[in-house]
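Work through the exercises below with the coordinates open. Try each task before reading its solution.

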Amino acid sequence: MNEKIIKPGFVKRIVDLLKSRDKKYTKEEIEYVLSAFWDVIIEALENGNSINLNGYATLGTKHMAERKSRNVVENKEIILPEQYRIYFKPGSKLKQAATAYTEKQLGGK
């Protein structure tokens with residue numbers, strides 16, 4: 001049930017879903033579209049933009065100030081430099097999927 005889906009399997013699932021909807025696309029076409037999708041997101045994030053995929057997710061960058069941390073292996077204090085990090089905020093459709101999985105696994109506890 002908790003399988004790890006890698007890119008080829010993901011592409012195959014998209015192709016199969018589209019075939020069931022009477023749309024005919026090849027694996028190569030889907031891989032091309034999927035790569036282009038991620039390339040657009042990467043370019044937007046590199047330029048400091050955020051992406052809002054209504055109902056699915058919001059992605060963007062968040063400024064993280066310089067801060068102190070501790071290397072627990074060497075028991076030394078280290079300074080983490082200021083940087084921008086990616087944030088991901090799930091939308092309503094992803095939240096509903098998590099809720100449905102919770103219901104299925106835990107029976108509504």
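This is a predicted model: local features need pLDDT of at least 70, side-chain atom pairs count only at pLDDT 80 or more; totals for chains, interfaces and linings use all residues.

**Exercise 1.** Check what the 14 residues of helix H1 should span.

Solution. Helix H1 covers residues 7-20. The expected span is 1.5 Å times one less than the number of residues. For the 14 residues of H1 that gives 20 Å. The end C-alpha atoms are 20 Å apart, which agrees. After H1 comes aspartate 22, with a positive phi near 60°.

**Exercise 2.** Find which residues of H1 are buried, and what they pack against.

Solution. Buried means under 20% relative accessible area. Val11, Val15 and Leu18 are the buried residues of H1. They cover an arc of only 65° around the axis, so they sit on the same side of H1. The buried residues of H1 pack against helix H2 (27-46).

**Exercise 3.** Describe how strands S3 and S4 are joined.

Solution. S3 takes in residues 67-71 and S4 residues 76-80. The two run antiparallel, with 5 bridges between them. Serine 69 has isoleucine 78 in S4 as its bridge partner. S3 and S4 form a hairpin, with 4 residues between them. In the turn, asparagine 75 has a positive phi of about 55°.

**Exercise 4.** Count the aromatic pairs and classify what turns up.

Solution. Ring centres must lie within 6.5 Å. The count is 1 aromatic pair. The ring centres of phenylalanine 37 and tryptophan 38 are 5.2 Å apart. Their planes meet at 80°, so the pair is edge-to-face. Phenylalanine 37 has 37% relative accessibility and therefore counts as partly exposed. Tryptophan 38, at 43%, also counts as partly exposed.

Terms used:
Residues are numbered from 1 along each chain as its sequence is written. Side-chain values use heavy atoms; hydrogens and water are left out. Two strands pair if DSSP finds at least two bridges between them. Buried means under 20% relative accessible area, exposed over 50%, partly exposed in between (1.4 Å probe, protein chains only). The arc is that of the directions from the helix axis to the C-beta atoms. Contact means heavy atoms within 4.5 Å. Rings of Phe, Tyr and Trp (its six-membered ring) pair if their centres lie within 6.5 Å; planes under 30 degrees apart count as stacked, over 60 as edge-to-face and the rest as tilted.
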